[in-house]
Each structure stands twice: as structure tokens, then as C-alpha cells.
Amino acid sequence: MTSKDTGMTNDHLLRGHAPIPTTAWQAIDDEARERLTPLLAARRLAEWVGPGGWKHSSTSIGRTTDLAGPPPGTSAEGVRTRQRRVLPLAEFRVAFTVDRAEIDDLQRGARDPELDDLARATRQAAEIENRAVFHGWPAAGIDGIADVAPYPAPALGTDTDLYPGVVARAVDQLRRNGIEGPYTMVIGPAGYTRIVETSEHGGYLLFDHLKRILGGKIIWAPGVDGAVVASERGGDFLLDVGQDLSIGYSHHDADIVHLYLEESFTFRVVEPDAAIALL
Amino acid sequence: MHALVRTLGIEAPVHLDQGDGLLASRSRSDRVASVAVPDITQLILDDHDWFRREFAALDDLQAQAPVDPEALAKRWSPLAARLDVHAIAEEEIFYPQLLVHGDDAEDETLDAIGDHNDIRDGVHAAARHPVGSDPWWEAVGRARVANDDHMGEEEREGLADFRRNASPGLREALGQQFADFLDRHESTRGLDTGDKDPERYVRDIEREIHPPDDGSVADGSLGIGSLKER
């Protein structure tokens with residue numbers, strides 16, 4: 001509603017400055033939400049922390065770094081000095097455009113808006129989040145789950161006959177290291193498709209077989225290379241979100257409105273032993 | 001026509017119509033003169049009465065021979081604008097509070113927003129035809145039927161529900177907001193008069209009333225939040 005579009009907490013999005021009436025804004029938001037929800041695989045595994053809002057800039061990791069000493073000119077005798085370590089949030093904006101003619105049509109009640117560029121932006125935004133969580137984002141100081149998993153990464157490959165054995169051994173590896181289940185397998189689109197289209201001997205679906213081995217979910221994850229098997233027990237992976245995915249306004253001309261998808265977040269693996277990567 | 005406005009405990013009549021179809025009598029100065037703030041349910045009823053009388057006035061104009069399109073336009077134009085503004089005022093001020101306090105508010109609101117869309121459709125269809133033409137009368141007729149249905153249902157259900165459940169202080173505070181909104185919008189300029197999806201409307205309001213545990217709505221985000229349990 002109006003307060004959502006113009007509220008003090010989201011001023012930086014400048015939504016109130018866009019030549020987009022309320023009905024069209026709702027349609028654009030709904031389309032973005034519907035597109036993003038199935039794509040955001042990391043949110044189906046990681047613990048959600050937040051949202052802390054746009055002003056939330058870092059997350060404490062509870063650790064410190066020793067400092068050389070107190071400020072110059074003061075005595076260091078009997079003084080121990082430390083600096084807190086924090087993980088700063090990264091932010092991204094994915095630009096997209098909406099034709100003003102489509103906005104007019106939305107106001108007329110059109111239910112089939114052409115928001116192709118928004119769809120492209122949602123895929124890009126979701127891949128950024130997924131990729132950062134599972135494979136890391138070095139420039140942002142984020143280590144991905146697959147990168148820090150301490151186990152040798154077995155090959156999953158493309159031969160689906162081998163999948164039950166590979167997944168069963170991955171689950172066994174986690175269990176033997178004291179990581180409780182149930183377990184989730186997060187897998188890229190190509191691998192997921194191979195799984196759901198495969199029936200084993202006797203007609204048993206590979207998808208169902210793998211779920212029984214895992215005891216948990218199989219998650220389709222755009223942006224993920226190979227797969228990750230991880231514990232669902234909770235607390236091992238923390239996704240700290242400042243500004244949750246939002247749509248903001250950039251500028252417009254006579255024909256096109258320039259918008260963007262925005263998010264600020266960071267991610268950290270609390271227990272690296274809780275996941276195993278499959279190549 | 002007179003409406004009764006509580007003024008320091010005294011029922012005082014206030015003229016709502018000066019006979020020209022305009023709503024000048026609903027000015028801020030009149031309300032300031034009345035001292036007390038009217039209850040929002042009373043203000044909505046006042047508008048309903050005015051709508052009925054203005055449609056009746058169109059009947060009188062239709063009965064004249066020959067029909068005077070200019071007189072029709074003079075009568076219809078403020079009525080059409082007020083139908084739109086009234087619906088938006090209810091959607092901005094009344095129904096969100098009904099959803100908080102009402103017993104059967106969700107169904108009542110879904111019905112009302114759907115009715116508002118039907119009224120808007122008739123009003124906007126009329127604007128596409130010459131005043132006094134057959135298709136214009138047909139569109140005005142559709143707006144009237146939809147409005148009559150809506151008013152009756154709203155008076156029996158939403159307004160009654162709200163009177164039973166909302167405090168007098170809240171009703172008066174909302175009455176002030178409702179009156180201010182009407183004062184600010186004597187025409188539809190600057191207002192979004194498009195249809196609203198009833199279910200989306202109710203969902204959005206309910207998300208504001210009962211935000212998700214992660215608080216994701218208040219920050220202007222899409223409110224996706226955690227998907228761990230999905």
C-alpha cells in the first residue's frame with residue numbers, strides 16, 4: 001500500500017518518484033516476487049538473519065584481532081588491545097527497464113504484462129545470491145559452502161545410475177563426522193533435470209530414491225555448479241540480509257522507466273563440516 | 001437534505017447539498033463550525049444518501065423532453081468523480097481498519113473491492129461516450145446498479161460490523177481522515193482510479209497488519225524473506 005511505497009524506511013529506493021501508479025507498482029512487485037521465489041535456493045537451506053534494513057552494514061563474527069597497542073602517547077603497560085572483526089554486507093543492484101506502455105496497460109487491468117527484462121533481472125539477482133552462498137564471493141569477503149567444505153569432493157557426473165551411491169556416501173561422510181540430518185541436496189538445473197527425468201530399474205523414480213537417502217529435500221538451484229549435500233539441522237549457514245530484495249527507481253524517459261533490483265547481504269559458514277560438495 | 005452530526009452532544013443539522021450537485025457544503029469550514037468530528041460510518045452513509053439523490057436527479061433530467069446534455073453533464077460529472085473518490089477513500093481509510101477490527105472483515109472487504117471495481121467500470125465506461133447517448137445511459141445504469149448493490153451490502157455488513165467492533169474514538173478519528181481525504185480530492189486528479197485485485201488488496205493489508213516474523217514488509221522490500229520452511 002501507500003505506506004509501503006513511501007515509508008521512511010525505504011526512502012532510498014525513490015519509488016515515490018517513479019511515474020508508476022500504485023496498481024502497476026503492485027503488479028511489478030508481484031511479478032518480481034513470483035519470479036524470484038523459486039529461484040532463491042540459498043534461502044531454502046541457510047538460516048535467515050534479518051532483514052536489518054538498508055542501514056545495516058555488517059555482521060559481527062564474534063572474534064577479534066589483536067592491536068599493536070593503545071593510542072600513541074598512552075602507556076601500554078598492563079593494557080591489552082583488540083579490534084572487533086566484522087563481516088561487511090555486500091550490496092548489488094541489477095538494472096532493468098519497464099516500457100511505459102506496459103505500465104499504462106497494467107493500469108487498464110492487463111493481466112499479461114510483458115516484463116521480460118524484469119524476468120531477466122530476477123534470474124540474475126537470484127544467481128548472485130545463490131552463487132555467493134554456495135561458491136563464494138571473494139571480493140565481498142564471502143566464503144561459499146562448497147569452497148569451505150573440508151571433505152574431498154566426489155564426482156557426481158552425468159551418469160544417473162551412479163547418483164544413489166554418490167549421494168549415499170556423501171550422507172555417510174557427514175554422519176560419520178557427527179553432522180546430524182536430515183540432509184538436503186542443492187543441485188544445479190542440469191543435474192536436477194537429469195534426476196527428475198530418470199526412472200530406475202523397476203520404475204522407481206530416482207528423485208524419490210535420493211530423497212529417501214537424504215531424508216530431506218532436493219533443491220533446484222540456478223547458479224550452482226554440481227551439487228552440495230548439507231545438513232538441514234540448522235545453524236550451520238547464516239544468510240544475514242540488510243535490505244531484502246527490493247525494487248527501486250533510477251530514472252525514466254518518455255518511453256521507458258529504469259528500475260533496479262537491490263539487495264544487501266552477507267553470508268558465512270558457521271560449521272564447514274556440515275556440507276560436502278559434489279562435482 | 002440534512003445529515004445529523006453530533007455537536008457537543010446536540011444533534012445539529014448540516015446542509016450537504018446546495019442543489020447544484022456539487023459538494024461545496026462538505027468544506028473544512030463547515031466541519032470546523034460543527035466542532036465535533038463525525039464518525040466515519042456516518043460520513044459514508046452521508047455519501048450514500050447523496051449518491052442516491054444524485055442518481056434520482058439524473059432520472060428527473062432523463063424525464064425532460066428534450067434531454068439537456070449540458071445539464072446531465074453538470075449533474076453527472078461531480079457524481080462520477082465522487083464515486084471514484086469515495087471508493088478510494090474507503091480503500092485507503094475504512095477497509096484497512098475493518099480488516100483489523102471486523103468479525104467477518106475479509107469477506108466483506110473482498111466483496112467491497114469487487115463492487116468498487118464494478119462501479120469504476122461503469123463510471124469509466126460512461127466517460128467514453130457522449131453524455132446522454134444510449135451507451136452513456138447504459139454505462140451510468142451499470143454504475144448505479146453496482147453502487148446500489150454495494151451500498152446496501154456495505155450498510156448491512158461492513159459498516160454494521162465496524163460499529164459493533166470499533167471504538168467511538170477510532171471511528172471519529174477515521175471520520176476526520178475520511179473528511180480530510182474528501183476535502184483534498186474534490187476531483188480524481190492525482191488518484192489511481194484503476195481496478196484493484198480484491199485478493200491482492202486484502203493480502204497486502206493483512207501483511208501490514210500481521211507482518212511476517214522476519215519483518216520484511218516494513219522495509220519496502222518484496223517481502224520474500226526466508227524460504228527455509230517452503
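How do the axes of helix 2 (residues 40–63) and helix 5 (residues 134–156) of chain B cross, and within what distance do they come? In this predicted model, local features need pLDDT of at least 70, side-chain atom pairs count only at pLDDT 80 or more, and totals for chains, interfaces and linings use all residues. Residues are numbered from 1 along each chain as its sequence is written, with chains lettered from A and ligands numbered from 1 in the order in which they are written.

The two axes come within 11 Å and cross at roughly 150 degrees. Axes are lines fitted to C-alpha atoms, for helices over the stretch in contact, and angles run from 0 to 180 degrees between N-to-C directions. Helix 2 of chain B is therefore roughly antiparallel to helix 5 of chain B (angles over 145 degrees). From helix 2 of chain B, residues including B:Phe51 and B:Phe55 meet a set in helix 5 of chain B that includes B:Asn147 and B:Met151.

Chain B has 8 helices and 2 strands. Helices (H or I, at least four residues) and strands (E, at least two) are DSSP runs, numbered from the N terminus. Of the 230 residues of chain B, 37% count as buried (20 or more other C-beta atoms within 10 Å of the residue's own, C-beta atoms being placed from the backbone).

The largest nonpolar core has 74 residues. Such a core is a set of buried Ala, Val, Leu, Ile, Met, Phe, Trp, Tyr and Cys residues joined through C-beta atoms within 7 Å. Helix 4 (residues 116–135) of chain A gives the most to this core, with 7 residues.

Notes:
Buried ≥ 20, exposed ≤ 12 C-beta atoms within 10 Å, placed from the backbone. Parallel < 35°, antiparallel > 145°, perpendicular 65-115°, else oblique. Contact = placed C-beta atoms within 7 Å.
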